[in-house]
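Subject: Handover of a structure for your review

Dear colleague,

Please find below the structure that I am handing over to you. My notes on what was found in it follow directly after.

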Amino acid sequence: WISDLDGKNARALSDDGRNLLPSWLPDSNHVVWMKPRPGKAPSRESQIHLMNTETGESRRLFTDPEQLKFSNSMPAVSPRGDKIAFVSNRGGEMRIWTSDLDGRNARAISPVASDLEETLKLPVEQKVPAWSPDGKWIAHWEGVAMTHLSQFTGKQDRARDRQITQT
């Protein structure tokens, strides 16, 4: 959905499934978002889409079959609008990647010291990239995903849950 700042002129951009985490391009005519596969974990089973909000035309950002074998989610457009930061499991665990806005030149940008959290022996993931206003930095979350908490695994372990939330 988009609307004027006063809430008027609201309209749906798409009625096709769940569309999450939109990010505007600086031209104010295009938006990217992640679209998860139905019934799947959004960050692990998504693709990024790009839409022209004036014409309604949209497409997947990545079209290469090799890129589409992996999840591409949580898009954030650079301040200049020429690059996108996103989360992908192309290299194994969820990591921060960047690419040109046309999907070319994708590369992981933020290595971790260890793939497993030392105490819990659970995967360290990176998510939720955000560009600095000058486009020189990308901030992101890093830790053990909340999907390992008791409420999601069905195995009650409050001590472990506390450790996970502290990562």
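In these notes, contact means that heavy atoms lie within 4.5 Å. Please also bear in mind that this is a predicted model.

I begin with Ser 78, which is placed in the loop between β5 and β6. Ser 78 counts as buried because its relative accessibility is 5%, and buried means under 20%. Once its neighbours within four places in sequence are left aside, Ser 78 is in contact with Pro 26, Lys 83 and Trp 131.

As to accessibility, Asp 100 is buried, with a relative accessible area of 16%, whereas Lys 83 is partly exposed, with 31%.

Strand β7 (residues 95-100) is joined to β8 by two bridges, and the two strands run antiparallel. Within this pairing, Trp 97 has Ala 108 in β8 as its bridge partner.

Next come the aromatic rings. How many aromatic pairs are there by the rule applied here? The count comes to one aromatic pair. Its members are Phe 62 and Phe 86; the ring centres are 5.0 Å apart and the planes stand at 55°, so the pair is tilted. Phe 62 lies in the loop between β4 (58-60) and β5 (72-77), while Phe 86 lies in strand β6 (residues 83-88), so the pair ties together parts that are 24 residues apart in sequence. Phe 62 is buried, with a relative accessible area of 0%, and Phe 86 is likewise buried, at 0%.

Arg 90 should be read together with these rings. The charged end of Arg 90 sits over the ring of Phe 62, at 4.6 Å from its centre. Arg 90 also lies over the face of Trp 97, where the distance to the ring centre is 5.2 Å.

I close with the salt bridges. Side chains of opposite charge can pair when their charged atoms come close. Another joins Glu 45 to Arg 37, with the closest N and O atoms 2.9 Å apart. In this pair, Glu 45 is partly exposed, with a relative accessible area of 29%, and Arg 37 is partly exposed as well, with 48%. A further salt bridge is formed by Lys 127 and Glu 125, whose closest N and O atoms are 3.1 Å apart. Here Lys 127 counts as buried at 12% relative accessibility, and Glu 125 is buried with a relative accessible area of 1%.

With kind regards

Terms used:
Residues are numbered from 1 along each chain as its sequence is written. This is a predicted model: local features need pLDDT of at least 70, side-chain atom pairs count only at pLDDT 80 or more; totals for chains, interfaces and linings use all residues. Side-chain values use heavy atoms; hydrogens and water are left out. Rings of Phe, Tyr and Trp (its six-membered ring) pair if their centres lie within 6.5 Å; planes under 30 degrees apart count as stacked, over 60 as edge-to-face and the rest as tilted. Helices (H or I, at least four residues) and strands (E, at least two) are DSSP runs, numbered from the N terminus. Buried means under 20% relative accessible area, exposed over 50%, partly exposed in between (1.4 Å probe, protein chains only). A charge sits over a ring if NZ of Lys or CZ of Arg is within 6 Å of the ring centre and within 35 degrees of the ring normal. Two strands pair if DSSP finds at least two bridges between them. A salt bridge is a side-chain nitrogen of Lys or Arg within 4 Å of a carboxyl oxygen of Asp or Glu.
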